[in-house]
Amino acid sequence: MKLTAQDSSILDRLAREESEILGRAVEWCGLSSGSRNLPGLEAQRAVLESAMAELPGEVENVPLADSHEVGADGALKAQQHPPALMLTVRPQAPVQVVLTGHYDTVYPAGTSFTQVRPRPDGALNGPGLADMKGGISVMLAALRAFEDHPDKGELGYRVLLSPDEEIGSLASAPVLARLAQAGHVGLTYEPAMAGGAFAAERKGSGNFHIVVRGRAAHAGRDFASGRNAIAAAADLAIRLASANGQREGVTLNVARIDGGGPLNMVPDLAVVRFNVRLPDAEAGEWALDFIRNAVVATKADGIEAELHGGFTRPAKPFNAAQQQLFGAVKTAGSLIGQEITWASSGGVCEGNNLFAAGLPNVDTLGVRGGDIHSENEYAWPESFVERAQLSALILAKLASREIPAAEIKAAMA
């Protein structure tokens with residue numbers, strides 16, 4: 001693999017655009033786009049649609065079906081989502097790449113965390129700057145620069161920007177799976193891991209909700225007639241937490257119990273909510289059996305328990321295809337003085353979805369930063385152009401076949 005004059009030309013262009021790549025991401029952070037903030041998401045979608053229109057091809061708004069969630073009252077409620085944005089460029093080209101990102105954040109409507117501020121150490125603190133408005137800006141800049149490369153005709157791509165990644169991609173998962181089947185390699189723009197490393201293998205994940213129903217009664221006059229759903233839910237939570245340490249790599253985090261009421265009333269409803277992480281499919285089967293047995297053990301005279309949810313993102317192992325792809329990215333990085341390292345991650349993202357549908361992918365091509373999902377979230381300004389240049393070079397080497405996309409895809413079999 002060699003760095004050509006044509007490669008250097010698009011890298012130089014990105015260097016000249018450094019302030020633009022960073023500046024628009026900072027602007028986007030001013031739009032509050034939490035996963036359930038529909039007006040904020042719509043505003044962010046409109047801005048991104050305009051930015052995507054600078055690229056060739058067709059930008060589509062892809063409608064997403066409602067997802068469903070268990071409310072605090074134990075009822076299933078429909079959750080609406082704005083459309084995903086999809087851009088298709090040269091779908092008949094011999095090499096096909098799928099690029100994904102998400103325009104939702106974890107910060108809800110009404111949050112006070114709405115501005116980007118410089119830190120004394122030079123980093124920028126801002127909502128979604130690392131995860132992943134910065135990553136989207138990097139992705140679009142790399143694609144725009146690649147369109148000046150003479151080998152562009154050899155590579156086509158589809159870009160999907162979804163509004164629901166932070167809540168599990170429940171609505172966009174079918175779209176991700178469909179796109180994965182049409183690609184050779186996937187590129188996803190989650191922020192880099194600590195120190196700038198890429199995520200290699202990832203655990204799988206599932207979110208669960210157990211509705212526990214008891215029998216209401218007056219806590220003084222008729223206590224014995226009541227069946228306490230909160231007490232049953234507490235027992236269930238302890239039973240679920242005992243899964244930790246029983247199977248290597250499996251963790252179960254009881255995150256919340258909804259329910260309760262007046263102190264003089266035996267509560268008749270509780271909802272236990274938890275997340276499970278797992279290293280492989282067999283561990284998932286074990287965890288699901290454990291959960292179901294815990295639900296059965298909760299049921300008693302006057303106490304009912306109903307399980308909702310499931311595993312939505314399978315594990316992403318560091319298999320032969322992933323190793324070959326990461327090796328190629330490492331070589332590309334070395335051409336421009338970037339040291340590429342990788343590490344295992346317990347986190348999940350759209351890369352899990354793409355891999356499950358048969359697409360090898362690199363899913364941490366976004367900016368370097370940290371403390372995501374907190375008001376301390378930050379990104380390093382210099383990493384914006386750095387990561388845009390790496391992505392543009394990866395695209396160029398995929399187009400030239402120096403990164404053999406079809407061969408890497410075949411290794412997934």
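How many bridges join β5 to strand β9 (residues 185-188), and how do the two strands run? I found 4 bridges between β5 and β9, with the strands running parallel.

**Ground rules**

I am working with a predicted model, where local features need pLDDT of at least 70, side-chain atom pairs count only at pLDDT 80 or more, and totals for chains, interfaces and linings use all residues. I number residues from 1 along each chain as its sequence is written, and side-chain values use heavy atoms, with hydrogens and water left out. My helices (H or I, at least four residues) and strands (E, at least two) are DSSP runs, numbered from the N terminus.

I began with β5, which spans residues 95-102. I looked up its burial and found that 8 of its 8 residues are buried. Here buried means under 20% relative accessible area, exposed means over 50%, and partly exposed lies in between (1.4 Å probe, protein chains only). I then sorted the residues by direction: Val95, Val97, Leu99 and Gly101 point one way, while Gln96, Val98, Thr100 and His102 point the other way. Both sets are buried.

Next I followed the pairing. For two strands to pair, DSSP has to find at least two bridges between them. I noted 8 bridges from β5 to strand β8 (residues 155-162), and these strands run parallel. On that side, Val95 stands opposite Leu155 of β8. Towards β9, I found Val97 bridged to Val185 and Leu99 bridged to Leu187.

Val159 and Leu99 are 60 residues apart in sequence, yet I read 4.7 Å between their C-alpha atoms. I also listed contacts (heavy atoms within 4.5 Å). Leaving aside neighbours within four places in sequence, Val159 is in contact with Met52, Leu85, Met86, Leu87, Leu99, Met139 and Leu143.

**Entry: helices α1 and α4**

How do the axes of α1 and α4 cross? I found that the axes of α1 (residues 5-16) and α4 (residues 129-146) come within 9 Å and cross at roughly 135 degrees. Axes are lines fitted to C-alpha atoms, for helices over the stretch in contact, with angles running from 0 to 180 degrees between N-to-C directions. I therefore call α1 and α4 oblique to each other. The scale is: under 35 degrees roughly parallel, over 145 roughly antiparallel, 65 to 115 roughly perpendicular, and the rest oblique.

For the contact itself, I noted Ile10, Arg13 and Leu14 of α1 meeting Ala141, Ala142, Arg144, Ala145 and Phe146 of α4. I sorted the residues of this contact into 6 nonpolar, no polar and 2 charged. In this sorting Ala, Val, Leu, Ile, Met, Phe, Trp, Tyr, Cys and Pro count as nonpolar, Asp, Glu, Lys and Arg as charged, and the others, Gly among them, as polar.

I came across a cis peptide bond between Asp131 and Met132, with omega about -5 degrees. Met132 belongs to helix α4.

I also flagged two positive phi values. Arg90 is not a glycine, yet its phi is about 50 degrees. I place Arg90 in the loop between β4 and β5, and its 23% relative accessibility makes it partly exposed. Asp371, also other than glycine, has phi near 55 degrees. I found Asp371 in the loop between β19 (369-370) and β20 (378-379), partly exposed with a relative accessible area of 44%.

**Entry: Ser383**

My last stop was Ser383, in helix α10 (residues 382-399). Is Ser383 buried or exposed? At 0% relative accessibility, I count Ser383 as buried. Not counting residues up to four places away in sequence, Ser383 touches Val367 and Arg368. I also noted 9.3 Å between the C-alpha atoms of Ser383 and Leu22, which are 361 residues apart along the chain.
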